[in-house]
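This report goes through one protein model, from its overall make-up down to single residues. Please look at the sequence and the structure before reading on.

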Amino acid sequence: MTIAQDQEQLACCQDEVNSGNQKVDVGGSSPIFASQDRTDNALIESEFSASIDVQDGVGCCHPSTRLHRYFVLFFMCFLAFGSYFCYDNPGTLESQIEADLNISGTAFSNFYSWYSYPNVILSFFGGFLIDTVFGIRMGTIIFAGLICIGQVIFAGGALVDNFYVMVLGRFVFGLGGESLAVAQNTYSVLWFKGKELNTVFGVQLSVARLGSVANMNSMPYLYDYIQESYKGSYGLGIALMIAGLVCLFSLFCAMVVAYYDRRAERILVRESSGSGEVIQFSDIKRFPMQFWLLCIICAFYYSAITPFISIAGKYLISQYNMTVTEADRVTSIPYTVSAIVSPFCGLLCDLTGMNLLWTIVAGLISTACHLAFSYLPIGIIPPSVTMGVLGVGFSLFACAFWPMVAMLVPEHQLGTAYGAMQSVQNLGLAVVIQSAEMLREAFPTSEEGLQWSEVYFMLWISLSLVLGFVLQMHNTAKKGALNPPLYRKRICGRGDEVDDREALLNQD
Ligand SMILES: NCCCC[C@H](N)C(=O)NCC(=O)O
């Protein structure tokens with residue numbers, strides 16, 4: 001450690017060091033450089049007789065203060081904003097793309113299946129590479145760079161009217177998109193585990209949903225503006241290239257978070273996960289059964305939600321006689337509601353604990369919405385109300401569900417665990433999206449096809465509920481960690497905080 005770094009550490013901590021004995025844990029190191037970090041940390045410890053003790057909540061530049069964590073959280077939230085904004089570019093411009101490229105709906109669905117199918121495998125390896133090779137900082141920058149490259153290739157294919165180049169762009173975009181979400185989840189746990197983790201997941205999902213909503217409410221107008229301005233067929237390519245700027249902003253945020261994460265590692269005596277362990281491939285076999293049950297629940301639940309929302313517009317047009325514009329407005333309601341309520345759903349989970357119970361409640365709410373949307377006589381409940389309540393259920397599920405991974409898997413295996421979960425999720429999504437389309441087209445009338453598709457979605461969400469109840473019974477019988485108790489901080493002494501959840505998670 002250089003003298004300048006010592007001075008930085010002293011200056012930054014001088015007014016915050018106290019006689020407490022709390023050692024602050026912020027973030028895990030990159031495994032490749034773990035040995036170097038351990039040397040640095042040993043050096044830090046040898047130069048300072050007492051470990052760095054700080055009082056949480058004091059000052060703003062010290063990495064252990066709440067204010068500093070929230071400052072870094074701002075940039076952490078936008079890591080996936082570009083990914084969510086551009087992920088649904090094709091869906092928002094479906095009619096324009098099919099007209100410009102003169103392709104069928106089935107060919108169009110390649111822009112989503114070539115995003116999902118590779119991630120059945122690559123999302124897992126993306127997480128594993130974060131844990132074993134790149135580390136969280138370099139991994140996040142690499143994956144944020146991939147979504148930029150993928151979006152440029154996708155837009156370039158549109159500029160030259162080449163369908164296969166566009167599919168390649170979506171494949172590259174998918175390489176980055178899913179693994180970037182893995183990296184964002186891993187960062188969140190490293191910085192906020194044992195603190196306001198559920199709320200952080202809620203805020204991050206809210207910003208991500210804002211990306212989806214911003215895409216739905218901007219891209220059609222941008223396309224039309226460019227088409228009218230250039231009187232040519234460049235509207236699609238230029239609009240998609242401009243959308244790529246949003247991915248560049250996420251790449252910038254990845255670099256900012258990497259800087260502050262590295263600084264936190266340098267200033268704090270950072271306890272990387274365990275003794276700086278690095279995951280071994282064989283560790284995956286020892287992931288608990290509850291984790292694999294959660295993966296299946298995730299695949300079944302999302303398979304009943306996102307494909308349903310994507311075809312709900314067709315259902316509204318045929319069953320409720322809506323125009324395309326009206327149907328698009330109603331189908332965007334779940335994402336808009338999710339952008340608003342996700343932080344509150346996360347706060348609810350933080351204040352009450354009980355993550356698995358809230359996950360089951362969310363599944364029940366979502367199932368009720370499916371039933372109301374498909375089987376209540378038309379006019380009893382407006383579809384906009386049903387979709388709004390579905391947005392609440394969708395948000396509550398995401399906020400309660402994703403943090404549970406950190407309750408089952410140690411920090412040095414988190415990237416691999418989140419990668420494995422998203423691989424299983426993408427398998428479910430890829431299979432259900434295409435099979436639902438095939439089922440819908442197998443019936444002589446559109447109404448029948450849509451109704452049987454709805455039965456199909458109800459099957460998946462019912463299976464996710466059954467598995468949720470099985471997991472709840474197992475968790476209760478084994479006194480598991482998936483329903484953490486009421487989260488309260490007992491302040492004892494000079495700001496030392498004893499976290500019930502941390503004590504619970506650290507129990508043998
Ligand atoms: N499509 C952009 C990234 C998706 C990340 C991941 N597959 C996911 O589902 N995250 C949780 C969510 O509710 O979006």
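## The model and the chain

This is a predicted model, in which local features need pLDDT of at least 70 and side-chain atom pairs count only at pLDDT 80 or more, while totals for chains, interfaces and linings use all residues. Residues are numbered from 1 along each chain as its sequence is written, and side-chain values use heavy atoms, with hydrogens and water left out.

The protein chain has 19 helices and 2 strands. Helices (H or I, at least four residues) and strands (E, at least two) are DSSP runs, numbered from the N terminus. Of the 508 residues in the chain, 57% count as buried. Buried means under 20% relative accessible area, exposed means over 50%, and partly exposed lies in between (1.4 Å probe, protein chains only). A contact means heavy atoms within 4.5 Å. Among contacts between residues at least 6 apart in sequence, 81% join residues at least 24 apart.

## The nonpolar core

A nonpolar core is a set of buried Ala, Val, Leu, Ile, Met, Phe, Trp, Tyr and Cys residues joined through side-chain atoms within 4.5 Å. The largest such core has 131 residues, and F111 and F291 touch the most other members. Helix α12 (residues 289–319) supplies the largest share of this core, with 17 residues.

Which residues does F111 contact, leaving aside its neighbours within four places in sequence? They are P90, I97, L101, I103, F154, F163, M166, V167 and R170.

## Aromatic rings

Rings of Phe, Tyr and Trp (its six-membered ring) pair if their centres lie within 6.5 Å; planes under 30 degrees apart count as stacked, over 60 as edge-to-face and the rest as tilted. The whole structure holds 39 aromatic pairs. One of them is formed by F308 and F457: the ring centres are 6.1 Å apart and the planes stand at 75°, so the pair is edge-to-face. This pair links distant parts of the chain, since F308 is in helix α12 and F457 is in helix α18 (residues 446–477), 149 residues apart. Both F308 and F457 are buried.

One aromatic cluster is made up of F71, F74, F75, F78, F81, F249, F252, Y259 and Y260. Rings can also have a charge over them, which here requires NZ of Lys or CZ of Arg within 6 Å of the ring centre and within 35 degrees of the ring normal. R170 lies over the face of Y112, at 5.2 Å from the ring centre. R170 also lies over the face of F154, at 5.6 Å from the ring centre.

## The second largest cavity

On a 1 Å grid over the protein atoms alone, a cavity is a set of points where a 1.4 Å probe fits but cannot get out, and its lining residues have an atom within 4 Å of a point. Grid points are joined across faces, edges and corners, and a volume is the space filled by probe spheres set on the points. The structure holds 5 cavities of 30 Å³ or more.

The second largest cavity has a volume of about 70 Å³. Its lining consists of I297, Y301, L356, T359, I360, G363, F397, S464, L465 and G468. The elements giving two or more residues to this lining are α12, α15 (355–375) and α18. Helix α15 gives the largest share, 4 residues.

S453 is found in helix α18. Is S453 buried or exposed? S453 has a relative accessible area of 0%, so it is buried. Not counting residues up to four places away in sequence, S453 touches I311, A436, L439 and R440.

A208 lies in helix α10 (residues 197–230) and is buried, at 3% relative accessibility. A208 and F397 are 189 residues apart in sequence and 15 Å apart in space, C-alpha to C-alpha. Y375 lies in helix α15 and is partly exposed, with a relative accessible area of 48%.

## Two loop residues

N321 is found in the loop between α12 and α13 (324–331). Phi of N321 is near 55°, a positive value in a residue other than glycine. N321 counts as exposed, at 65% relative accessibility.

M354 sits in the loop between α14 (333–352) and α15. Phi of M354 is near 60°, also positive in a residue other than glycine. M354 is partly exposed, with a relative accessible area of 29%.

Key. On a 1 Å grid over the protein atoms alone, a cavity is a set of points where a 1.4 Å probe fits but cannot get out, and a pocket is an open set with protein on both sides within 12 Å along at least five of seven lines; lining residues have an atom within 4 Å of a point.
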